[in-house]
Amino acid sequence: MVDNQWLLAIGLGLSGMIPRILPLYLLKDRDFSPELIRWMSYIPVTIFSALVFTDIFFWEDQFLIHPLENLKLIPSIIVAFIAAKMDNLFVSMIVGVLAIVLMVWGFA
Amino acid sequence: MERKNLLDSFQKIVFVAMSYIPLGIACGIALERIGMTPGGILTMSLLAFTGAGQFMTSSMIGAGASVISIITLNLFLSLRMSLMTSSLSQYVRGRSKIFLALFGQTTADETYGVNLYQFEHNPEWSANNALYANLIAYLTWVVSTWAGGMIGGAVNIPTTIINYLMTAMFISLMVGNLVSKTFIIAGLTSGILAIILKLIFQNNLALVFAAVIGSFVGYALDNRSKEVVLNG
């Protein structure tokens, strides 16, 4: 449970606002160095894969790769497949939720 | 004229905004579960406007993570927004500071996609169009999460399923960024390293280290492949 929701809201707000707005102020008449952009272009894929890997390979806080005990594994393969084929965030999320509902209903 | 602009923006963003309604409601429900009030959720959505960050907040607070580690992770999650707003900056140059702040604050993965496409393919798409489109999506998100917070405890969806919405979102965003071999290697490096570091340190900040190291690996490979091209 959260201790101070206002602190959390403001902290999350500032950490989102600064990276969003600062480039627009800094880049009024120039662009970022291409080298910085090239390094930064890897951040989305690496931060998402860090979040995804530490999520789908853990079940109830334990590292677990048995597909019928860790119920997130099979839906995650399906979501990755749909995302690669369709490139539609909403559709892959809906399919993922349906898949996890079936897994929880069938195996939990 | 502005009325026409607003209508054009609405047409281009309406499907994004519609998809925000169920997601926003689910996110509001998830945030209510960790003890936030509808007012707190509304404030958070107005300030943060991030589906990824807000879902992450609910699942990490649920797992007992500290506020500092969540804010640090959100900073790194939001670095992708720096890439987005800097790539759009050429189209909004010369606008007032307030315009730029509003435009930056209301940029999200999906609105960026729409705006980039329109700026590149539609000669009539103006900076105002882009801001209107952003604002429509932003307000839809804010209201939907607030509504989710109001509904909150009235629905009884298992937390496993609510949290999996975030997982599915992150998998889709990850896959969407796997645009070449160096990105796949960077992603795998970061993912595997994150698991190892998390098992050792039991701390979510491990994810940030894994992402930074993975990014340097991708960047270095990228440099090497460029050299090979130059020398060969």
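This passage describes the contact between chain A and chain B and the salt bridges of the structure.

The structure is a predicted model, in which local features need pLDDT of at least 70 and side-chain atom pairs count only at pLDDT 80 or more, while totals for chains, interfaces and linings use all residues. Residues are numbered from 1 along each chain as its sequence is written, chains are lettered from A and ligands numbered from 1 in the order in which they are written, and side-chain values use heavy atoms, with hydrogens and water left out.

Chain A is divided into domain 1 (1–41) and domain 2 (42–108), with bounds that come from an automatic or database domain assignment. Taken over C-alpha atoms, the centres of domain 1 of chain A and domain 2 of chain A are separated by 27 Å.

Between the two chains, 66 residues of chain A are in contact with 88 residues of chain B, where contact means heavy atoms within 4.5 Å. The size of an interface is often given as the accessible area lost when the parts come together. For chain B and chain A the buried area is about 7200 Å², and carbon and sulfur atoms give 76% of this area. Buried area here is the accessible area (1.4 Å probe) that two parts lose on being put together, summed over both.

A count of polar contacts gives 26 residue pairs between chain B and chain A, both residues being at pLDDT 80 or more. A polar contact is a pair of N or O atoms within 3.5 Å; within protein, one must be able to donate a hydrogen and the other to accept it, and residues adjacent in sequence count only if both atoms are side-chain atoms. Several helices of chain B each supply at least two residues of the side that touches chain A, including α1 (2–33), α4 (67–88) and α10 (206–231). Helices (H or I, at least four residues) are DSSP runs, numbered from the N terminus. Helix α4(B) gives the most to this side, with 16 residues. By class, the side of chain B that touches chain A has 49 nonpolar, 30 polar and 9 charged residues. In this classification Ala, Val, Leu, Ile, Met, Phe, Trp, Tyr, Cys and Pro count as nonpolar, Asp, Glu, Lys and Arg as charged, and the others, Gly among them, as polar.

Over all chains the structure holds 6 salt bridges, a salt bridge being a side-chain nitrogen of Lys or Arg within 4 Å of a carboxyl oxygen of Asp or Glu. Across the interface of chain B and chain A, 2 salt bridges are found. One joins Arg93(B) and Asp31(A), at 3.1 Å from N to O. Arg93(B) lies in the loop between α4 and α5 of chain B, and Asp31(A) in the loop between α1 (5–26) and α2 (34–40) of chain A. Arg93(B) is partly exposed, at 34% relative accessible area, whereas Asp31(A) is exposed, at 55%. Buried means under 20% relative accessible area, exposed over 50%, and partly exposed in between (1.4 Å probe, protein chains only).

A salt bridge also links Arg38(A) with Asp222(B), with the closest N and O atoms 2.7 Å apart. Arg38(A) is buried, with a relative accessible area of 16%. Within chain A, Arg38(A) forms a salt bridge with Glu35(A), at 3.3 Å between the closest N and O atoms. Both residues lie in helix α2 of chain A, 3 residues apart, about one turn of the helix. Glu35(A) is partly exposed, at 40% relative accessibility.
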